[in-house]
Amino acid sequence: MATRLIVNQRMQDVDAAPDTPLLYILSNNLELQGPRFGCGLAQCGSCSVLLDGVEIRSCVTPLSAVAGKSVTTLEGLPALYAQQKKLASAPELHPLQQAVIDEQALQCGYCYNGQIIKGAELLSKNPQPSVEQIRTAMNGHLCRCGTYPRMIKAIQRASRAIAGGGR
Ligand code: FES
Ligand code: FES
């Protein structure tokens with residue numbers, strides 16, 4: 001029997017074994033390229049998505065755990081932001097995605113998905129986080145290129161943009 005879930009605000013019926021990792025469903029069945037396979041052990045964050053607004057590691061989350069719930073991937077962040085801010089339409093990029101570009105925060109970009117998902121979750125709950133709060137929130141996201149200081153700047157930049165009503 002198919003499992004029904006909502007992915008990026010669209011209903012999806014997925015025909016797969018209930019213990020299939022959500023990451024495989026998103027990548028293989030739904031062809032979403034945002035979440036990435038890194039460690040497969042919930043250690044790096046590259047596979048992160050939002051489940052009902054809360055960051056989870058999709059590599060260790062079975063399909064059965066998300067039945068009837070709302071999953072947001074990197075691709076759906078601008079629309080989720082528009083929904084949260086009650087904007088008439090979704091911006092092309094979430095403010096944090098734009099800030100990462102403006103700060104040139106990343107190098108190889110492999111961690112991009114997880115860092116953006118986690119940063120967006122943080123900003124939705126705490127639009128003006130302190131540096132310490134940013135460090136604490138981002139702690140579980142590994143970046144082999146060591147971009148952590150630039151990501152902090154990007155999150156601060158996005159925070160200012162959001163405070164200014166930025167899109
Ligand atoms: S691939 Fe899921 S946390 Fe590393
Ligand atoms: S930018 Fe290379 S892993 Fe983070």
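**Charges and salt bridges in a predicted model**

Student: How many positive and negative side chains does the protein have, and how far apart are the centres of the two sets?

Tutor: The protein carries 16 positive and 12 negative side chains, and the centres of these two sets lie 8 Å apart. Please keep in mind that this is a predicted model.

Student: OK, and how many salt bridges turn up in the whole structure?

Tutor: A search of the whole structure gives 8 salt bridges. As a general point, side chains of opposite charge can pair when their charged atoms come close.

Student: Which residue does Arg157 pair with?

Tutor: Arg157 forms a salt bridge with Glu103, with a distance of 3.0 Å from N to O. Arg157 sits in helix α6 (residues 148-163), while Glu103 belongs to the loop between α3 (95-102) and α4 (112-125), so the pair ties together parts that are 54 residues apart in sequence.

Student: How accessible is Arg157?

Tutor: Arg157 has a relative accessibility of 31%, and therefore counts as partly exposed.

Student: Let's move to helix α4. Which residues there are 3 apart, about one turn of the helix?

Tutor: Those are Glu121 and Lys118, which both lie in helix α4. The two form a salt bridge in which the closest N and O atoms are 2.8 Å apart.

Student: Are they buried or exposed?

Tutor: Glu121 is buried, with a relative accessible area of 5%, and Lys118 is buried as well, with a relative accessible area of 15%.

Student: And what about Lys125, which residue does its side chain meet?

Tutor: The side chain of Lys125 meets that of Glu121 in a salt bridge, at 3.1 Å from N to O. Lys125 and Glu121 are 4 residues apart in helix α4, which means that about one helical turn separates them. Lys125 is exposed, however, with a relative accessible area of 56%.

Student: Which residues are linked in a network of salt bridges?

Tutor: The network links Glu55, Arg57, Lys118, Glu121 and Lys125.

Student: Switching topic, how many helices and strands are there?

Tutor: The protein has 6 helices and 5 strands, and along the sequence they follow the pattern β-β-α-β-β-β-α-α-α-α-α. The radius of gyration is 15 Å, close to the 15 Å that the globule rule gives for 167 residues, so the protein is as compact as a globular protein of that length.

Student: What share of the residues is buried?

Tutor: Buried residues account for 46% of the 167 residues in the protein. The accessible surface comes to about 8400 Å², and 50% of that surface belongs to carbon and sulfur atoms.

Methods:
Residues numbered from 1 in each chain as written. Chains lettered and ligands numbered in written order. Predicted model: local features only at pLDDT ≥ 70, side-chain atom pairs only at ≥ 80, totals over all residues. Heavy atoms only, no water. Helix = DSSP H or I, 4+ residues; strand = E, 2+ residues; numbered from the N terminus. Rg over C-alpha atoms; globule rule 2.2 N^0.38 Å. Buried < 20%, exposed > 50% of the residue type's maximum accessible area, 1.4 Å probe, protein only. Areas by Shrake-Rupley, 256 points an atom, 1.4 Å probe, with all protein chains shown as cover. Lys, Arg positive; Asp, Glu negative; His and termini not counted. Charge placed at Lys NZ, Arg CZ, Asp CG, Glu CD. Salt bridge = Lys/Arg side-chain N within 4 Å of Asp/Glu carboxyl O.
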